[in-house]
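Take a moment to look over the chain before reading on. Then follow the text from one contact to the next.

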Amino acid sequence: MSETHLTDTVFKSFDLAPELMQGIEDSGFSNCTPIQAETLPIALKGHDVAGQAQTGTGKTAAFLVAVYQHLLTHPAAAGRKQDQPRALMLAPTRELAIQIHKDAMLLGRHTGLKLGLAYGGTGYEEQRDTIAAGVDILIGTPGRLIDYFKQHVYNLKMAQAVVLDEADRMFDLGFIKDIRYLLRRCPPPEERLGLLFSATLSHRVQELAYEHMNRPEHVDVVPEMITAERVRQALYHTANEEKIPLLIGLLKHTDPHRSIVFVNTKRNADRVWSYLEGNGFKCAVLSGDVPQTKRQRLLGEFQKGQLPVLIATDVAARGLHIPDVSHVFNYDLPQDAEDYVHRIGRTARVGKDGDAISFACENFVYSLPEIEAYIGHKIPVESVPEGYIGELKPPVKINRPPRPGGARGKPGGRSGGRSGGRSGGRPGGRGR
């Protein structure tokens, strides 16, 4: 693995608690990434941090180390009750919450601090029972956390640290009222450590930091580099009917071992899935309506290399830590410029290389000027190589269940949930 993404700053230089340092060494960490090197000296002194960093830069480890050290060196108040977590970590998506919890288990395995995880879609009673039994660090998504809070499963009166990860995404997903609800039930900002991370420190994010943090120090890690340095970007101008043949041609000729194909709508996800399956590519659709158990199974198969292609709506553009993604395909150009950055950030993570290939079609080419203005450069345009667009095999038929009352939906109609095809990975429902 390339080490060019690391700094000369080593974790041992921070005089961390021995049990925390052991977890860091177990994780294979020695040198800090830039976001870690810049935020830890501030946070370890007890000062709040508002950090701007791209996904895949090591920010999760940065705030986990800071919070663990804070809790280990600042004992809980004598009157703390079992239902009072000492730290709260908020994430916009269940995938990100799960990843934070996974990393926290590894880094904190020797600390003796208990973790709780709360996210929607599955495990309601199990999550509830774990939190009710008492946890030191509570990690989760806003909706499920508020649900448990209103049931008095826990309270936040003894929170010594609060982390808000991917704050800009909280706004995008409409969670900001929920965030404010939870933050207002924590101790005042001057009585706790506050850490906020965001891909962009926009005006609305900075306003949130001003309101709910104690004069945070701002840390910008290479803000002029909007897109990851090691992503090789390419753009093809295509007609609508050429997109699927070109995608299949690229998949055949570039042999990407782990690829994510981003689409804007669930309808397009279904269509791409059916053609890829019909032409010999094992794949699955990941979108917002996939049950959590199935979502985790698909992600596990993708991470293990058992599922080489994942077709995703923007629900997957943030919060997924999937190593060694070789290619990202923007089958549809995103209609939000920031989403372009988040999508292609799925590849070339922590020092690796990767390819991001985009199609500028008749429907979505109008997003291109805004994307290029946002990233600060033109995306290199490439011509379609000879022989990449050829005859396709027919798509796999998407089976649709009967409508209520026994009537079956018309071909191409808007029936509700749908069952999968050959790979078992074709979930149904709506997109974003």
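Start with a single residue in this predicted model. Leaving aside residues up to four places away in sequence, His-70 touches Gln-160 and Leu-193. His-70 sits in helix α3. Is His-70 buried or exposed? Its relative accessibility is 13%. Buried means under 20%, so His-70 counts as buried.

Two packed helices are described by the angle between their axes and the distance between the axes. Helix α3 covers residues 59-73, and helix α2 covers residues 34-43. The two pack at an angle of about 20°, and their axes are 9 Å apart. That angle makes α2 roughly parallel to α3. The crossing of α2 past α3 is right-handed. Which residues make the contact? From α2 come Ile-35, Gln-36, Thr-39, Leu-40 and Ala-43. From α3 come Lys-59, Ala-61, Ala-62, Val-65 and Ala-66. By class, this contact of α2 with α3 has 7 nonpolar, 2 polar and 1 charged residues.

Next, turn to the strands. Strands of a sheet pair through backbone hydrogen bonds, either parallel or antiparallel. Look at one pair in detail. Strand β1 (residues 49-52) pairs with β7 in the parallel sense, over 4 bridges. Ala-50 has His-218 as its bridge partner in β7.

The axes of α5 and helix α6 (residues 142-150) come within 11 Å and cross at roughly 60°. That makes α5 oblique to α6. The crossing is right-handed. On the α5 side are Tyr-124, Gln-127, Arg-128 and Ile-131; they meet Arg-144, Asp-147 and Tyr-148 in α6. By class, the contact of α5 with α6 has 3 nonpolar, 1 polar and 3 charged residues.

Now move to another sheet. What is the order of its strands? The 6 strands run β8-β13-β12-β9-β11-β10 and form an open sheet with parallel pairing. At the edges stand β8 and β10 (283-286), each with a single partner strand, so one side of each is left without a neighbour in the sheet. The twist averages 20° from one strand to the next.

Look inside this sheet at β9. This strand pairs with strand β11 (residues 309-312) in the parallel sense over 4 bridges. It pairs with β12 in the parallel sense over 4 bridges. Ser-259 shows both links: its bridge partner in β11 is Val-309, and its bridge partner in β12 is His-327. Strand β12 also pairs with β13 in the parallel sense, over 4 bridges. There, Phe-329 has Ile-357 as its bridge partner in β13.

What about the faces of β9? In a regular strand the side chains alternate between the two faces of the sheet. In β9, Ser-259 and Val-261 are on one side, with Ile-260 and Phe-262 on the other. All of them are buried, and both faces of β9 are covered.

Finish with a helix on this sheet. Helix α13 lies across β8, β9, β12 and β13, and runs at about 155° to β12. Why is helix α13 (residues 337-344) described as largely enclosed by the rest of the structure? The reason is that 7 of its 8 residues are buried. These are Ala-337, Asp-339, Tyr-340, Val-341, His-342, Arg-343 and Ile-344. The buried residues of α13 pack against β8 (231-237), β9 (259-262), β12 (327-330) and β13 (354-360). They also pack against two helices, α7 (167-172) and α14 (368-375).

Terms used
Residues numbered from 1 in each chain as written. Predicted model: local features only at pLDDT ≥ 70, side-chain atom pairs only at ≥ 80, totals over all residues. Heavy atoms only, no water. Axes fitted to C-alpha atoms, helices over the stretch in contact; angles between N-to-C directions. Parallel < 35°, antiparallel > 145°, perpendicular 65-115°, else oblique. Left-handed = near helix turned anticlockwise from the far one by under 90°. Contact = heavy atoms within 4.5 Å. Nonpolar A, V, L, I, M, F, W, Y, C, P; charged D, E, K, R; others polar. Pairing = 2+ DSSP bridges. Buried < 20%, exposed > 50% of the residue type's maximum accessible area, 1.4 Å probe, protein only.
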